[in-house]
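Let's take a walk through this one together. Have a look at the fold, and then we'll go from the overall layout to the core and on to the charged pairs.

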Amino acid sequence: DVAATGSMPHTKAGAPRPMSSDTSGPSSGINPSKSKAAARQPTSSTSGVAAGSNAAAQSLAAAVASGNPPVQADVQVTKAAERFAAKEAEDLRREREEAEVKRKEAEAGDQRESDGVVTALQALRRLHLKRDPSELATCLQTLRAYISNLAKYPQEVKYQSINCENSHFRNKVASVEGALAVLQACGFVADGSKLSVDPEFLKTKGAKLWEALSKVDLILEQVK
């Protein structure tokens, strides 16, 4: 009897059921799955640092795996640049040496040509100076006229060849031993019944004719 005893009746288990402390239920207002996801998700700053660290680590790992760590790679680039610069310097030195050799060869060729004129004139003087200086002077004056016309007017076809059948040429040049050698030293070559100068000679060596003229004038002074 409730009134008589003044106490609550017991449950069948014999004790009152305690209040649950679990706040995960609907009454708590919190979603358990969302809470766990939020706990697992890093902040934006943390994720950025982690991504950068991972990229750096991967780059370093790749460099080490390839046998080229960052410092070693820089050293290799420097060495490659030094090898390239050394090769460029060597190529430039070789080009300069080749240019110098060509220059000396050209000078030697010019000297040989000049020497050829001098040699021919000296031989002509030696053969005729004592025997017949008058004939020598006439021959030299005729040679000078041929050379001078060619030097002054190299583009004139009539001065680029000499008619060997002309009586003036036969009597004053062809009949004098050694005279033809002077003309040959000045670029004239046999061309049938003529002596002709190659136009290419005039382009590259025509200026040498003036040197030949000065040497002819020197011999003429000696004859007089």
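**Layout, core and charged pairs**

Of the 224 residues in the protein chain, 19% are buried, where buried means under 20% relative accessible area, exposed means over 50%, and partly exposed is in between (1.4 Å probe, protein chains only). Keep in mind that this is a predicted model: local features need pLDDT of at least 70, side-chain atom pairs count only at pLDDT 80 or more, and totals for chains, interfaces and linings use all residues. Residues are numbered from 1 along each chain as its sequence is written, and side-chain values use heavy atoms, with hydrogens and water left out.

The protein chain has nine helices and three strands, taken as DSSP runs numbered from the N terminus (helices: H or I, at least four residues; strands: E, at least two). Along the sequence, the order is α-α-α-α-α-β-α-α-β-β-α-α. Now for contacts, meaning heavy atoms within 4.5 Å: among those in the protein chain with a separation of 6 or more, 67% are between residues 24 or more positions apart.

Next, the inside. The largest nonpolar core has 33 residues; such a core is a set of buried Ala, Val, Leu, Ile, Met, Phe, Trp, Tyr and Cys residues joined through side-chain atoms within 4.5 Å. Leu124, Leu140, Leu143, Ile147, Leu183 and Leu209 touch the most other members. Several elements each supply at least two residues of this core, including α4 (70–128), β3 (194–197) and α9 (208–223). Helix α5 gives the largest share, nine residues.

On to the charges. Side chains of opposite charge can pair when their charged atoms come close. The structure holds six salt bridges, each a side-chain nitrogen of Lys or Arg within 4 Å of a carboxyl oxygen of Asp or Glu. Lys87, Glu90, Asp91, Arg93 and Arg94 are linked in a network of these. Within that group, Glu90 pairs with Arg93, with the closest N and O atoms 2.3 Å apart; the two are three residues apart in helix α4, so about one helical turn separates them. Asp91 and Arg94 also form a salt bridge (3.2 Å, N to O), and both lie in helix α4, three residues apart.

Arg144 and Asp217 meet in a salt bridge as well (2.5 Å, N to O). Arg144 sits in helix α5 and Asp217 in helix α9, so this pair ties together parts 73 residues apart in sequence. Arg144 is partly exposed at 29% relative accessibility, and Asp217 is partly exposed at 27%.
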